[in-house]
Amino acid sequence: MGRADTAAKAYTGQRDIFADAFNFYLYGGRQVLHPEQLRELDSTELSYPFGADGRGEPVQKYRDVLKSAVFMENGKAAYLLLGIENQTSVHYAAPVKNLLYDALQYARQVELTAKRHRESGDHKGHGGSEFLSGFYQEDKLFPVITRILLFSPDEWDGPRTLREMMETEESNIQRTEKE
């Protein structure tokens with residue numbers, strides 16, 4: 001881990017800076033998310049071995065910063081998991097990188113929910129599909145939102161969405177127009 005990466009993590013890990021970044025991007029600068037509503041989370045994302053035999057290698061990834069937030073929205077408590085990825089240069093596969101982090105976080109939520117159900121023995125009234133997955137029809141996930149912060153004087157010229165990385169008729173037309 002380089003000096004710039006360490007400094008960026010320390011900076012964006014501060015609750016007031018983190019809240020400001022999300023307030024800017026999600027709420028146009030309105031102070032909706034407050035630093036005291038944020039709780040530090042383990043930024044390690046771990047997947048389980050893939051494949052029918054379960055012998056694949058686990059995947060372990062590290063987000064730069066991950067926090068949970070609880071705040072009132074429309075009179076109800078809203079629960080979110082918020083992540084920041086710091087970049088000192090453009091990462092042209094950033095949408096895939098963030099998708100992987102988010103998918104691993106959702107998989108973790110499903111696994112923890114299933115574990116909670118197994119430990120509590122609350123299987124009664126739940127059908128075979130719910131029992132097999134360990135995730136019941138009424139179970140819900142917390143939304144995960146990941147933002148990239150670019151620490152560079154250069155403008156981000158990479159894709160911002162997964163769709164922008166796809167080969168589509170629209171991307172073929174845009175490429176043809178540039179030529």
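**Entry 1: the core**

I started with the largest nonpolar core, which has 15 residues, and Phe18, Leu33, Leu38, Phe71, Leu82 and Ile84 have the most contacts inside it. For my own record, a nonpolar core here is a set of buried Ala, Val, Leu, Ile, Met, Phe, Trp, Tyr and Cys residues joined through side-chain atoms within 4.5 Å. Buried means under 20% relative accessible area, exposed means over 50%, and partly exposed is in between, with a 1.4 Å probe and protein chains only. H2, E4 and E5 are the elements that give two or more residues to this core. H2 gives the most, with five residues. The general background I keep in mind is that nonpolar side chains tend to be buried together in soluble globular proteins.

Before going on, I noted that this is a predicted model, where local features need pLDDT of at least 70 and side-chain atom pairs count only at pLDDT 80 or more, while totals for chains, interfaces and linings use all residues. Residues are numbered from 1 along each chain as its sequence is written, and side-chain values use heavy atoms, with hydrogens and water left out.

Skipping residues up to four places away in sequence, leucine 82 touches Phe18, Phe22, Leu33, Leu38, Val65, Leu66, Lys67, Ala69 and Ile145.

**Entry 2: the chain overall**

I counted five helices and six strands in the chain. These are DSSP runs, numbered from the N terminus: helices are H or I with at least four residues, strands are E with at least two. From the N terminus on, the order reads α-α-β-β-β-β-β-α-α-β-α. Of the 179 residues in the chain, 31% are buried. I also looked up contact range: among contacts with a separation of 6 or more, 60% are between residues 24 or more positions apart.

Is alanine 69 buried or exposed? Alanine 69 counts as buried because its relative accessible area is 1%. Its place is in strand E4. Leaving aside neighbours within four places in sequence, alanine 69 contacts Leu33, Gln37, Leu38, Ala78, Tyr79, Leu80 and Leu82. I also checked alanine 69 against alanine 19: they are 50 residues apart in sequence and 9.6 Å apart in space, C-alpha to C-alpha.

Gln37 was on that list, and I followed it up. Glutamine 37 is in the loop between helix H2 (15-27) and strand E1 (38-40). Apart from residues up to four places away in sequence, glutamine 37 touches Val32, Ser68, Ala69, Val70 and Phe71. Its side chain reaches the backbone oxygen of valine 70 at 3.5 Å.

**Entry 3: pockets**

I moved on to the pockets. On a 1 Å grid over the protein atoms alone, a pocket is an open set of points where a 1.4 Å probe fits, with protein on both sides within 12 Å along at least five of seven lines; lining residues have an atom within 4 Å of a point. Points are joined across faces, edges and corners, and the volume is the space filled by probe spheres set on them.

The largest pocket comes out at about 460 Å³. It has 17 lining residues, with Asn98, Thr146, Arg147, Ile148 and Arg160 nearest its centre. Helix H3 (94-120) and strand E6 (144-150) each supply at least two of the lining residues, and E6 has the largest share, six residues. By class I get eleven nonpolar, three polar and three charged, taking Ala, Val, Leu, Ile, Met, Phe, Trp, Tyr, Cys and Pro as nonpolar, Asp, Glu, Lys and Arg as charged, and the others, Gly among them, as polar.

The second largest pocket has a volume of about 280 Å³. It is lined by 19 residues, and Leu81, Gln105, Gln109, Leu112 and Phe142 lie nearest its centre. Strand E4 (65-73), strand E5 (76-87) and H3 each give two or more residues to this lining. Which element has the largest share of the lining of the second largest pocket? H3 does, with six residues. The classes here are ten nonpolar, four polar and five charged.

I finished with threonine 113 in helix H3. Threonine 113 counts as buried because its relative accessibility is 8%. Beyond its neighbours within four places, threonine 113 contacts Gly134, Phe135 and Asp139. For contrast I took lysine 140, in the loop between helix H4 (128-133) and E6. Lysine 140 counts as exposed, at 67% relative accessibility.

Definitions and conventions: Polar contact = N/O pair within 3.5 Å; in protein donor to acceptor, adjacent residues only side chain to side chain. Contact = heavy atoms within 4.5 Å.
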